[in-house]
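Visitor: I would like to learn how to read a protein model. Could we start with charged side chains that meet?

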Amino acid sequence: MTTDTRISALLGFLNDDPSDAETKYMLALEYIKLGNDNSAMVWMSDLHHSHPDYLPNYYHYGKLLERTGEVNKALKIYREGMYKAKSKNDMHTYSELQSASDLAE
């Protein structure tokens, strides 16, 4: 399955269920693979605002922000994610975000 085919399928899934966090996340990752940071940013930002408890988004959203030169915003995203991960006792995600934050500073 090509990236374009996956994107079309994911957009179809979102058409059926516009609130599906995992589909939005997978769509953003597909756009990252294509090097389409603008579209990826739209989906990750939407996911961040509409599903703030969706922990997998924090790492990749932060990395995307770093890559586009928004390091301070990335650090804020990492810290928000760390707080959420700690409150959910998800120490794996917390550690991953802590490492990303340390490297970004």
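Guide: A salt bridge is a side-chain nitrogen of Lys or Arg within 4 Å of a carboxyl oxygen of Asp or Glu. This model is predicted, and here the side chains of Lys 24 and Asp 46 form such a bridge, with 2.7 Å from N to O.

Visitor: Which parts of the chain does the pair of Lys 24 and Asp 46 tie together?

Guide: Lys 24 sits in helix H2 (residues 21-34) and Asp 46 in helix H3 (residues 37-50), so the bridge ties together parts that are 22 residues apart in sequence.

Visitor: Is Lys 24 buried or exposed?

Guide: A residue counts as buried under 20% relative accessible area and as exposed over 50%, with partly exposed in between. Lys 24 has 7% relative accessibility, so Lys 24 counts as buried.

Visitor: Where does the partner of Arg 79 lie?

Guide: Arg 79 forms a salt bridge with Glu 105, with 2.9 Å between the closest N and O atoms. Glu 105 lies in the segment after helix H6 (91-104) and Arg 79 in helix H5, 26 residues apart, so the pair links distant parts of the chain. Arg 79 counts as partly exposed at 44% relative accessibility, whereas Glu 105 counts as exposed at 60%. There is also a network: salt bridges that share partners join Arg 6, Glu 30 and Lys 33.

Visitor: How many helices and strands does the chain have?

Guide: The chain has 6 helices and 0 strands. Along the sequence this gives the pattern α-α-α-α-α-α.

Visitor: What does the radius of gyration say about the chain?

Guide: The value is set against that of a compact globule. For 105 residues such a globule would have a radius of gyration near 13 Å, and the chain has 14 Å, which agrees. The C-alpha trace spans about 35 × 30 × 20 Å along its principal axes. Of the 105 residues, 36% count as buried. The chain exposes about 6,000 Å², and carbon and sulfur atoms supply 51% of that area.

Visitor: Which residues is Val 71 in contact with, leaving aside its neighbours within four places in sequence?

Guide: Val 71, in helix H5, is in contact with Leu 65, Glu 66 and Ala 104 once those neighbours are set aside. Val 71 counts as partly exposed, at 32% relative accessibility. The C-alpha atoms of Val 71 and Ser 101 are separated by 9.6 Å, and these residues are 30 apart along the chain. For the chain, among contacts between residues at least 6 apart in sequence, 44% join residues at least 24 apart.

Visitor: Where in the chain is confidence lowest, and where is it highest?

Guide: Confidence is lowest in helix H1 (residues 3-16), with a mean pLDDT of 93, and highest in helix H5 (residues 71-87), at 98. The mean pLDDT of the chain is 96, and 100% of its residues reach 70 or more.

Conventions:
Residues are numbered from 1 along each chain as its sequence is written. This is a predicted model: local features need pLDDT of at least 70, side-chain atom pairs count only at pLDDT 80 or more; totals for chains, interfaces and linings use all residues. Side-chain values use heavy atoms; hydrogens and water are left out. pLDDT is the predictor's confidence in each residue, from 0 to 100. Helices (H or I, at least four residues) and strands (E, at least two) are DSSP runs, numbered from the N terminus. Buried means under 20% relative accessible area, exposed over 50%, partly exposed in between (1.4 Å probe, protein chains only). The radius of gyration is taken over C-alpha atoms; the globule rule is 2.2 Å times the number of residues to the power 0.38. Contact means heavy atoms within 4.5 Å. Accessible areas come from the Shrake-Rupley method with a 1.4 Å probe; for residues, only the protein chains shown count as cover.
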